Amino acid sequence: MTSTIVECHQLTKNYGKKKALNELEVAIPAGRITGILGPNGCGKSTFFRTLTGLVRPDAGRIEVLGKPPGWQNNSDIAYLPDRARWYPSHTARMALEWGNSFLPGFSMERAIQLCDYMDIDLDMRVGGMSRGQEARVMLILCLARDVQMIVLDEPFTGIDVISREAIVASLIDYLEDSEQSVLISTHDIQEVEGLFDYNVMMKEGRAIWSGSTEDLRAEYGSLRDVFRKMYMKEWNK
């Protein structure tokens, strides 16, 4: 495994006149749980879609696991997009069976253990689940894979506080001894501050700060306070 999992140099992506990524420069270390932080519209999702090969940049360079994004390394990445949903008529068990059939590195045994840990009834239909339960099923499909990198795009959006806390606790317990690299984007850090050990803060398509949580706290204070200070102008608009 390389010392970095993602490296970007002047990475640029435009949607019409809007620069979703604006000469983004960032290097993300391997083996960390990294928070990609920033307000909505700052480029987090575009960054994730670019590193998974779903979006092609207009300029600049990006390497993921030492290679350009694409089919060469997608089997080593578990990706949960920001609008992931499952079929309402399917049960959680059917979702796991699909994962076992199609997702590289998927462990049915691990998935069933995660369902038990996250209190997911295997026979419950997705259509009858709460938003938090459905989010847990999608998360399990990622965590049950033996891959180098897990990418979770806004996994807490639209989920009630209790479910959010349960998911964060599950992630902390599950990833505590893992060597996997995990990238999680969010614009709400109130319940997840203790989850990250490395952070990239984005604004208007750029990385305005990156470093370990330990260094950030030593220099600036709590992650929550730094986040508020850096984005106060956006929140007051």
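**Figure 1. Gly132, Ala135, Arg136, Leu139 and Leu143 of helix α5 meet Ser163, Ile167, Leu171 and Tyr174 of helix α6.** Contact means heavy atoms within 4.5 Å. By class, this contact has 6 nonpolar, 2 polar and 1 charged residues. Ala, Val, Leu, Ile, Met, Phe, Trp, Tyr, Cys and Pro count as nonpolar, Asp, Glu, Lys and Arg as charged, and the others, Gly among them, as polar. The model is predicted: local features need pLDDT of at least 70, side-chain atom pairs count only at pLDDT 80 or more, and totals for chains, interfaces and linings use all residues. Residues are numbered from 1 along each chain as its sequence is written, and side-chain values use heavy atoms, with hydrogens and water left out.

**Figure 2. Helix α5 (residues 131–143) packs on α6 at an angle of about 15°.** Their axes are 10 Å apart. Axes are lines fitted to C-alpha atoms, for helices over the stretch in contact, and angles run from 0 to 180 degrees between N-to-C directions. The two helices are therefore roughly parallel. Angles under 35 degrees count as roughly parallel, over 145 as roughly antiparallel, 65 to 115 as roughly perpendicular and the rest as oblique. The crossing of α5 and α6 is right-handed, meaning that the near helix is turned clockwise from the far one by less than a right angle.

**Figure 3. Helix α4 (residues 108–117) packs on helix α6 (residues 161–175) at about 140°.** The axes of α4 and α6 lie 11 Å apart. This pair is therefore oblique. Its crossing is right-handed. From α4 come Arg110, Leu114 and Tyr117; from α6 come Ala169, Ser170, Asp173 and Tyr174. The contact of α4 with α6 counts 4 nonpolar, 1 polar and 2 charged residues.

**Figure 4. Ile112 sits in helix α4.** Ile112 is partly exposed, with a relative accessible area of 38%. Buried means under 20% relative accessible area, exposed over 50%, and partly exposed in between (1.4 Å probe, protein chains only). Leaving aside neighbours within four places in sequence, Ile112 contacts Leu96 and Leu122. Ala92 is 20 residues from Ile112 along the chain, and their C-alpha atoms are separated by 9.8 Å.

**Figure 5. The protein chain has 8 helices and 9 strands.** Helices (H or I, at least four residues) and strands (E, at least two) are DSSP runs, numbered from the N terminus. Along its principal axes the C-alpha trace spans about 45 × 40 × 35 Å. Buried residues make up 49% of the 237 residues. Among contacts between residues at least 6 apart in sequence, 69% join residues at least 24 apart.
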